[in-house]
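Thanks for coming, everyone. I have one structure to walk through today. Please look at the display first, and then I'll start.

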Amino acid sequence: MRHLISVLIENEAGALSRVVGLFSARGYNIETLTVAPTEDHSLSRMTIVTAGSDDVLEQITKQLNRLIDVVKVVDLIENPYIERELMLIKLRAVGKEREELKRMADIFRGRIIDVTDKTYTIELTGDGAKLDAFIDAVDRSSILETVRTGSSGIARGERVLKA
């Protein structure tokens with residue numbers, strides 16, 4: 001089962017390394033990892049996507065809570081949440097392809113953020129399935145480069161992750 005773990009952590013040198021080390025030492029895989037400071041610059045919010053049974057997740061949560069730098073741990077999957085990922089994709093865009101790629105970007109609510117005579121760079125946000133669908137919809141041979149951030153998530157409604 002897929003889990004979206006949100007971790008509030010002290011924004012200090014080595015904190016990220018300790019969290020990642022915990023996962024690797026126990027053989028747990030991190031599918032995606034995003035981390036950045038919050039509105040309180042002494043704290044960072046880390047979003048970890050991993051897979052495993054409920055027992056594995058319980059073990060991960062307990063071990064994360066033991067780390068000194070960790071302030072709070074929540075599995076966002078347990079309640080309604082919003083998940084987004086950012087993708088920048090550079091595509092070969094020459095001749096008739098240019099109009100088709102512009103149309104595809106519009107359909108997927110993407111933005112063309114860089115244009116040259118031979119390329120478009122498109123910014124897309126959404127869940128992973130939407131980004132995968134865009135990749136599947138364009139001609140694979142036109143893809144020059146792809147960069148994805150990994151998932152970020154937040155609980156819906158009144159629920160907040162605060163210290």
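A quick definition before anything else: helices (H or I, at least four residues) and strands (E, at least two) are DSSP runs, numbered from the N terminus. With that in hand, R109 is found in the loop between α3 and β6. I'll come back to that residue.

Now the ground rules. This is a predicted model, in which local features need pLDDT of at least 70 and side-chain atom pairs count only at pLDDT 80 or more, while totals for chains, interfaces and linings use all residues. Residues are numbered from 1 along each chain as its sequence is written, and side-chain values use heavy atoms, with hydrogens and water left out.

The overall picture, then. The protein chain has 4 helices and 9 strands. Starting at the N terminus, the order is β-α-β-β-α-β-β-α-β-β-α-β-β. The C-alpha atoms fill a box of roughly 60 × 35 × 35 Å along the principal axes.

How much of the chain counts as buried? Buried means under 20% relative accessible area, exposed means over 50%, and partly exposed is in between, with a 1.4 Å probe and protein chains only. By that rule, 37% of the 163 residues are buried. The chain exposes about 9500 Å², and carbon and sulfur atoms supply 51% of that. Those areas come from the Shrake-Rupley method with a 1.4 Å probe; for residues, only the protein chains shown count as cover.

Next, contacts, meaning heavy atoms within 4.5 Å. Take the contacts with a separation of 6 or more: residues 24 or more positions apart account for 73% of them.

Let's move to helix α3, residues 97-107. Here L101, M104 and A105 are buried. Looking down the axis of α3, these buried residues fall within an arc of 100°, so they line one face of the helix. The arc is that of the directions from the helix axis to the C-beta atoms. As background, an α-helix has 3.6 residues a turn, so residues three or four places apart point the same way. On the face of α3 turned away from the buried side sit the exposed residues E99 and I107. And what covers the buried residues of α3? The cover includes β5 (81-92), β6 (111-115), β7 (119-126) and α4 (128-137).

That brings us to α4. Its buried residues include G128, L131, F134 and I135. They cover an arc of only 125° around the axis, which puts them on the same side of α4. The face turned away from that buried side carries exposed A129 and D136. The buried residues of α4 pack against β5, α3, β7 and β8 (143-148).

Now the aromatics. Rings of Phe, Tyr and Trp (its six-membered ring) pair if their centres lie within 6.5 Å; planes under 30 degrees apart are stacked, over 60 edge-to-face, and the rest tilted. The structure holds 2 such pairs. One is F23 with Y28, edge-to-face, at 6.4 Å centre to centre with 80° between the planes. Both F23 and Y28 are buried. Another is F108 with F134, also edge-to-face, at 5.2 Å centre to centre and 85° between the planes. F108 lies in the loop between α3 and β6 and F134 in helix α4, so this pair ties together parts that are 26 residues apart in sequence. F108 and F134 are both buried.

Back to R109, as promised. At 73% relative accessibility, R109 counts as exposed.

V115 is partly exposed, with a relative accessible area of 48%. Leaving out residues up to four places away in sequence, V115 touches R98 and Y120. The C-alpha atoms of V115 and K90 are 9.6 Å apart, and these two residues are 25 apart along the chain.

Last item: the surface. L16, V20, L33 and V35 make a nonpolar patch of about 260 Å². α1 (15-25) and β2 (30-37) are the elements that give two or more residues to this patch. Patches are made of residues with over 30% relative accessible area and no salt bridge; like charges are joined within 9 Å, nonpolar side chains (Val, Leu, Ile, Met, Phe, Trp, Tyr) within 5 Å. A salt bridge is a side-chain nitrogen of Lys or Arg within 4 Å of a carboxyl oxygen of Asp or Glu. L16 lies in helix α1 and is partly exposed, at 36% relative accessible area.
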